[in-house]
Amino acid sequence: RTEFLLTHDQNNLSIGARVFEEDPGLIVAKTLRQGETLRNDDRIGIILDPFNNKRSGYQFMVNANGVRREGIFKGGDTDWDWNGIWQAKSKVTDFGWSTEVAIPFKTLSFRDDTEWGLNFVRDIERNNEGIAWSSRNRSTGPSVAGTLTGIHGVTQGMGLDIVPSLS
């Protein structure tokens with residue numbers, strides 16, 4: 001069993017997940033370095049297609065250690081070199097593990113007041129098991145995403161990042 005809760009304010013899309021596991025000692029979470037592949041860990045994934053075009057979007061993944069990995073969909077492939085700004089915090093609990101994710105709207109490209117594509121994924125490594133809210137033939141990308149409505153009154157920003165530096 002896996003539960004997701006979505007909410008948003010003007011600046012962030014917030015997602016909470018409770019990932020149930022009968023024996024929390026079976027959770028596989030070996031990766032500790034941000035940006036590393038999470039292929040060998042239990043993990044959850046959030047797929048967002050803000051233009052709802054079924055071809056492009058973003059993928060955010062997190063394991064039970066709170067290690068994040070993000071990518072951007074380009075056609076049928078995921079570019080894992082994309083570095084979006086977002087936060088995640090996870091912890092192992094007596095029911096399994098939980099995570100909280102905050103994705104600033106400034107990290108995403110989107111149009112106002114539209115339907116977004118959305119999917120949730122959970123991978124349980126020890127069973128080689130992949131579960132998704134919406135999938136077709138084990139595919140979980142933007143082409144098979146469900147629909148998210150109600151994103152309005154948010155701030156996208158100007159698309160500029162200012163990084164102060166000294167030389």
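A nonpolar core is a set of buried Ala, Val, Leu, Ile, Met, Phe, Trp, Tyr and Cys residues joined through side-chain atoms within 4.5 Å. Here, buried denotes a relative accessible area under 20%, exposed denotes over 50%, and partly exposed lies in between (1.4 Å probe, protein chains only). The structure is a predicted model, in which local features need pLDDT of at least 70 and side-chain atom pairs count only at pLDDT 80 or more, while totals for chains, interfaces and linings use all residues. Residues are numbered from 1 along each chain as its sequence is written, and side-chain values use heavy atoms, with hydrogens and water left out.

The largest nonpolar core comprises 28 residues, of which Ile46, Leu48, Phe60, Val101, Ile103, Leu108 and Trp116 touch the most other members. At least two residues of this core are supplied by each of β2 (12-20), β3 (43-49), β4 (57-63), β8 (96-104) and β9 (116-124). Strand β2 provides the largest share, four residues. Strands (E, at least two residues) and helices (H or I, at least four) are DSSP runs, numbered from the N terminus. In soluble globular proteins, nonpolar side chains tend to be buried together. Contacts of Trp116 (heavy atoms within 4.5 Å), apart from neighbours within four places in sequence, include Leu48, Pro50, Asn52, Phe105, Leu108, Phe110 and Ile151.

Strands are said to pair if DSSP finds at least two bridges between them. Four strands form an open sheet in the order β1-β2-β8-β7, with antiparallel pairing. The antiparallel pairing of β1 with β2 extends over seven bridges, and Phe4 has Ala17 in β2 as its bridge partner.

Six bridges connect β4 to β5, and Gly57 is bridged to Phe73 in β5. Four residues lie between the strands of this β4 and β5 hairpin, where Gly66 takes a positive phi near 85°. Strand β5 is also joined to β6 (residues 77-79), by three antiparallel bridges; within this pairing, Ile72 has Asp79 as its bridge partner. The hairpin of β5 and β6 has two residues between the strands, and Gly75 in the turn shows a positive phi of about 65°.

Positive phi values also occur in residues other than glycine. In the loop between β3 and β4, Asn52 has a phi near 50° and is partly exposed, with a relative accessible area of 23%. Lys54 is placed in the loop between β3 and β4, with a positive phi of about 65°; Lys54 is partly exposed at 33% relative accessible area.

Arg43, located in strand β3, counts as buried at 11% relative accessibility. Its side chain reaches the backbone oxygen of Arg39 at 3.2 Å. Beyond neighbours within four places in sequence, the contacts of Arg43 include Leu38, Met61, Trp97, Val121 and Asp123. The C-alpha atoms of Arg43 and Val28 are separated by 8.7 Å, the two residues being 15 apart along the chain.

How values were computed. A polar contact is a pair of N or O atoms within 3.5 Å; within protein, one must be able to donate a hydrogen and the other to accept it, and residues adjacent in sequence count only if both atoms are side-chain atoms.
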